Amino acid sequence: MTPSTDIIVIGSGIIGCAVACELGRRGASVRVLDDRMAGMGATQASAGMLAPYNEIDEEGAHLELTLRALDCFDAFMAGVTADSGQPVPYHRTGTLTLAFSDDAAARLGRLLELMRARGVAAQLLDADEVRREEPAVSPAARGGLVIRSHGYVAATVLTQALVTAARRYGVTFTVAPRVHTVRQHRDEVVVDNGTETFVAAHVVNAAGSWAGQVRVEGAAVVPVHPVRGQLLHLKASGPNLRRVTWGERCYLVPWDDGSLLVGATVEHAGFDERTTLGGMRELIAAAAATLLPEWHATVVGVRAGLRPGTPDDLPIIGPSAVAPRVMYATGHYRNGILLAPITATLVADALLGGTLDPMLSATSPARFGAL
Ligand SMILES: Cc1cc2nc3c(=O)[nH]c(=O)nc-3n(C[C@H](O)[C@H](O)[C@H](O)COP(=O)(O)OP(=O)(O)OC[C@H]3O[C@@H](n4cnc5c(N)ncnc54)[C@H](O)[C@@H]3O)c2cc1C
């Protein structure tokens, strides 16, 4: 049996790394367990967009959570950069959402109303203004909406910076077989991976799409399911797009090095993390419908990841009611990069500060039964 730590974090995706770093920063002794290097799950596939209004277009807990997440991103990035000494590409240059049909234009109008009611700056563009704003966009675009507060971050670089910062706070990263069982016994938790057991005062299940494969004794299976996303990486031959652009069937994320991410497929393919020809075809067709025919690029690569989906699309963050020393931080679906900082704060406040943020009532595992 490995000597005990304060907190074991299962999974070293962006969520596990952000949680571990925050716990370490606040003085806890933390061990992160994964069977591969940090950030190699869904996180490495992510486009890194920070765009709540593109993802959620109605009021409610989900929008509240993602907007709080966006609000804390500047401070979070400043902290990680300072603590790791590593620069992380991060831009808040806004997004342009395009409309190619009447329905899409009407949706943009509704989104504008929602944002205006919240006092958020957004600008509706007609077809000519779209072309001036983003000359590479197809002439079929009838209009667009610019949301200036949105941004994007290099998710893999950010995850590596979190690992560096966490190590400086004494966090240990252990590559070991996958955890299969967690057992709460009196005032400690025993974590078992089949070859070794680890003991801690608390455990955080941050195993992404695989969270349901970690059995918590006495609790139901956490209902997280994998939703595969594939993403195409291109290199523009001419000038790149100026900002993140959403078409009706894909989004396009331009990077400083002249490359462009085209995402993403939404597929129910079980735990299959492979890329496919069908996925590439879909993304190429979607990009071609969004951009000018003369926009040329070479293919850098294609990648895939499993988004951790939940039955109501909200993440599962909070302590288990059945085994209170077990905390869930999973199910972040399409927004795990955006939600990483707020998740780390909510988990650390609950574990170390004894404070359950009111937001946790919406993300509570108990909404899915005996968890
Ligand atoms: C194509 C694509 C594009 C995306 N774009 C965006 C975007 O633009 N913006 C955004 O905010 N989000 C985006 N997402 C979503 C985001 O990537 C995910 O929500 C986020 O990466 C989830 O992070 P995670 O740490 O929970 O999971 P993961 O990154 O999957 O990490 C989970 C880790 O747990 C480990 N693990 C699993 N089981 C065990 C076990 N039993 N024991 C030990 N370790 C275990 C795995 O090996 C893995 O490393 C995108 C996702 C995809 C696929």
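Tutor: A salt bridge is a side-chain nitrogen of Lys or Arg within 4 Å of a carboxyl oxygen of Asp or Glu. The model here is a predicted one.

Student: How many salt bridges does this rule give?

Tutor: The count comes to 17. Side chains of opposite charge can pair when their charged atoms come close. Glu22 and Arg25 are one case, with N to O at 2.9 Å. Both sit in helix α1, three residues apart, about one turn of the helix.

Student: Is Glu22 buried or exposed?

Tutor: Glu22 has a relative accessible area of 14%, and buried means under 20%, so Glu22 is buried. Arg25, at 44%, is partly exposed.

Student: Which salt bridge joins Asp35 to another part of the chain?

Tutor: Asp35 pairs with Arg178, N to O at 3.2 Å. The two are 143 residues apart, with Asp35 in the loop between β2 and α2 and Arg178 in the loop between β9 and β10.

Student: Where does the ligand lie relative to the domains?

Tutor: Domain 1 and domain 2 both give residues to the shell around the ligand, so the ligand lies between them. The shell divides into 20 nonpolar, 13 polar and six charged residues.

Methods
Residues numbered from 1 in each chain as written. Predicted model: local features only at pLDDT ≥ 70, side-chain atom pairs only at ≥ 80, totals over all residues. Heavy atoms only, no water. Nonpolar A, V, L, I, M, F, W, Y, C, P; charged D, E, K, R; others polar. Domains from an automatic or database assignment. Helix = DSSP H or I, 4+ residues; strand = E, 2+ residues; numbered from the N terminus. Buried < 20%, exposed > 50% of the residue type's maximum accessible area, 1.4 Å probe, protein only.
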